[in-house]
Amino acid sequence: MGAQKFLHLENIEKRFPIPGKKDYIAVTDVNLEIKQNEIISIIGHSGCGKSTLLNMISGLDAQTDGYIYLLGKEVKGPGPDRAVVFQNHSLLPWLTVYQNIEMAVKKVMPELNKQELKERVEKFVTMVNLDHAKDKLPDEISGGMKQRVGIARALAIKPKVLLMDEPFGALDSLTRANLQEHLMRIQQNVQNTVIIITHDVDEAVLLSDRVIMMTNGPEATIGEILEVNLPRPRNRVELQTDPEYTRCREAILSFLYEKFAKEDE
Ligand SMILES: Nc1ncnc2c1ncn2[C@@H]1O[C@H](COP(=O)(O)OP(=O)(O)OP(=O)(O)O)[C@@H](O)[C@H]1O
């Protein structure tokens, strides 16, 4: 028997029933193997099934055909081994930054004693540089800070896979760059497997080891997979003149705007 695969998607299909009509086949024939500690991004035009795919990996939705395995075990629903960060920070407004993270850790790691719990929460508050804001409520901090809390909360439960659905999509470009830096730095520390959905070509190249490019729906599937052979840590300014960066950017742009251009975007 070969080595166990980390995360494996096999012949995934998702159909949505449409009342009175034929089912809508959003994605089909998706086969993908994701390695441990790998950062991959999924890019494609609106409606190509990126969120659908992520929801199936998270277990929030079920595929209508095919299998998803995490470390050999079939994914059949949500679980703490897969944490999700959404575009709109889903923090509880009546809890402070600290308490939002604490609540998640308490739930997933009930075995921790008071001191261990405190240390764990503080470690992740510090990891996203929010020590100064730990007693603030979500309404009292900026959008970028809220998203950092979301990332800290997701990572604090020690997931095997971090799933991010356009996590920086709602932020201005400077805040977005700042969060990308946070994510890259954190990744160097915690070595998670990260799957990130993005519409942003530069973000995909900057962050990823591989970029998964989806064809347009209906019946969207993986069109091409691009390997990004850039060493880490990556510096966004230096990358601008790196031939590998340019090659990757051009490959994605050509896929999205030549091979699979979409008129209505
Ligand atoms: N519950 C549903 N019922 C019917 N069709 C659905 C449902 N959810 C999604 N779809 C359709 O499946 C396709 C894929 O949707 P999905 O949200 O995964 O795309 P996406 O690539 O994430 O889009 P965007 O980039 O705009 O967020 C779309 O055509 C969408 O309309």
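1. Helices and strands are named here as DSSP runs, numbered from the N terminus, a helix being a run of H or I with at least four residues and a strand a run of E with at least two. On that basis, and bearing in mind that this is a predicted model, β2 (24-34) and α1 (50-58) each supply at least two residues of the shell around the ligand.

2. The shell itself consists of Phe16, Tyr24, Ala26, Gly44, Ser46, Gly47, Cys48, Gly49, Lys50, Ser51, Thr52 and Gly217. The largest share of the shell, three residues, is contributed by α1. Sorted by class, the residues around the ligand comprise seven polar, four nonpolar and one charged.

3. One member of that shell, Gly217, also takes part in a cis peptide bond, which joins Gly217 to Pro218 with an omega of about -5 degrees. Pro218 is placed in the loop between β9 (210-214) and β10 (222-227). A cis peptide bond also joins Arg232 and Pro233, where omega is about -5 degrees, and Pro233 lies in the loop between β10 and α7 (236-239). These bonds deserve a look in the model, because most peptide bonds are trans.

4. Two backbone angles may be checked alongside those bonds, since most residues other than glycine have a negative phi. Asn11, which is not a glycine, has a positive phi of about 50 degrees, and this residue is found in strand β1 (residues 7-16). Asn11 counts as exposed because 12 other C-beta atoms lie within 10 Å, and a residue is exposed at 12 or fewer. Glu166, likewise not a glycine, has a positive phi of about 45 degrees and lies in the loop between β7 (161-165) and α5 (173-190). Glu166 has 19 C-beta neighbours inside 10 Å and therefore counts as partly exposed.

5. Turning to helix packing, the axes of helix α2 (residues 97-108) and helix α4 (residues 143-156) come within 8 Å and cross at roughly 25 degrees. The two helices are therefore roughly parallel, and α2 passes α4 in a right-handed crossing. On the α2 side the contact is made by Val97, Asn100, Ile101, Ala104 and Val105, and on the α4 side by Val149, Ala152, Arg153 and Ala156. By class, the residues of this contact divide into seven nonpolar, one polar and one charged.

6. Helix α4 also packs against α5, with axes that come within 10 Å and cross at roughly 20 degrees. Because angles under 35 degrees count as roughly parallel, α4 and α5 are described as roughly parallel to each other; α4 passes α5 in a right-handed crossing. Here Gly143, Gly144, Gln147, Arg148, Ile151 and Leu155 of α4 meet Thr175, Asn178, Leu179, His182, Leu183, Ile186 and Val190 of α5. The residues of the contact between α4 and α5 divide into six nonpolar, six polar and one charged.

7. Val194, by comparison, is 54 residues from Cys248 in sequence and 19 Å from Cys248 in space, C-alpha to C-alpha.

Definitions and conventions:
Residues numbered from 1 in each chain as written. Predicted model: local features only at pLDDT ≥ 70, side-chain atom pairs only at ≥ 80, totals over all residues. Near = placed C-beta within 6 Å. Nonpolar A, V, L, I, M, F, W, Y, C, P; charged D, E, K, R; others polar. Axes fitted to C-alpha atoms, helices over the stretch in contact; angles between N-to-C directions. Parallel < 35°, antiparallel > 145°, perpendicular 65-115°, else oblique. Left-handed = near helix turned anticlockwise from the far one by under 90°. Contact = placed C-beta atoms within 7 Å. Buried ≥ 20, exposed ≤ 12 C-beta atoms within 10 Å, placed from the backbone.
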